[in-house]
Amino acid sequence: MIEREVLVRNRLGLHARAAARFVNTAARFRSRVTLARDSRRADGKSILGILLLAASRGSRLWLEVEGPDESEAAAALEALVSGGFGEGAA
Amino acid sequence: MIGIVVVGHGRVPEELLAAARTIVGDLPAAVAVSVSWTDDGSEARAAVERAIAEVGAGGGPVLVLTDVFGGTPTNVSLPFLSERVEIVTGVNLPMLIKLSAERERPLQEVAKLVRDRGREAIYVAGEALHPEQA
């Protein structure tokens, strides 16, 4: 299992479209993806689950990826979050 | 694939579908039926019939999502209830997001799943985010 901390950088935080992009990326991999914020944990392949994390800009999330393609999946998801979901950090 | 018809008062159905599309991307075989405030139901019933025929082409399953049980949009949809057409009331955006990902499963199963997720997705924010203060 790969675990790492990721920082939400985009202005709108982990909002609905960003959550959808995260899930679409996670769904490309077979690995199980979990996203956690403090004590809340969400299935990384569920838009509604991720939205419940209520992660605004500056939130630190804990990413857990486990499965046959975990290193590729973790790299892609980390890049997506760190890259502000393609929305920029401004 | 389960076809989707959203029926409601005013422009709510179009806008709900537009919001869902903005979030999940493409949402094929999904149409909105707006019931005018002045319609006695006859226009709406015909529009629902056309919508079901469109998204359930070839006799495929259709889930009709309506705004409120007992309202005209629901009432004009009820006559179409059948083995291949199910109706769920109280449509909200989380229901559409969930449905977009579950369109290949059996209709009855998806109808119940969409109802349950729609209910579960309603929160009092203060209670959900700060349970210790609630």
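Is A:Phe85 buried or exposed, and how many other C-beta atoms lie within 10 Å? In this predicted model, A:Phe85 is buried, since 22 other C-beta atoms lie within 10 Å, and a residue counts as buried at 20 or more.

**Positive phi values in chain A**

A:Phe85 belongs to the segment that follows helix 3 (70-82) of chain A. Its phi is near 60 degrees, a positive value in a residue other than glycine. A positive phi is also found at A:Ala54, likewise a residue other than glycine, where the angle is near 45 degrees. A:Ala54 sits in the loop that joins helix 2 (47-51) to strand 4 (60-66) of chain A. With 15 other C-beta atoms within 10 Å, A:Ala54 is partly exposed, because this count falls between the limit of 12 or fewer for exposed residues and that of 20 or more for buried ones.

The two residues are set out below.

| Residue | Phi | Other C-beta atoms within 10 Å |
|---|---|---|
| A:Ala54 | near 45 degrees | 15 C-beta atoms |
| A:Phe85 | near 60 degrees | 22 C-beta atoms |

**Contact between chains A and B**

Chain A contributes 6 residues to the contact, and chain B contributes 9 residues. On the side of chain A that touches chain B, helix 1 (16-26) and helix 2 each provide at least two residues. Helix 1 of chain A gives the most to this side, with 3 residues.

Notes. Residues numbered from 1 in each chain as written. Chains lettered and ligands numbered in written order. Predicted model: local features only at pLDDT ≥ 70, side-chain atom pairs only at ≥ 80, totals over all residues. Helix = DSSP H or I, 4+ residues; strand = E, 2+ residues; numbered from the N terminus. Contact = placed C-beta atoms within 7 Å.
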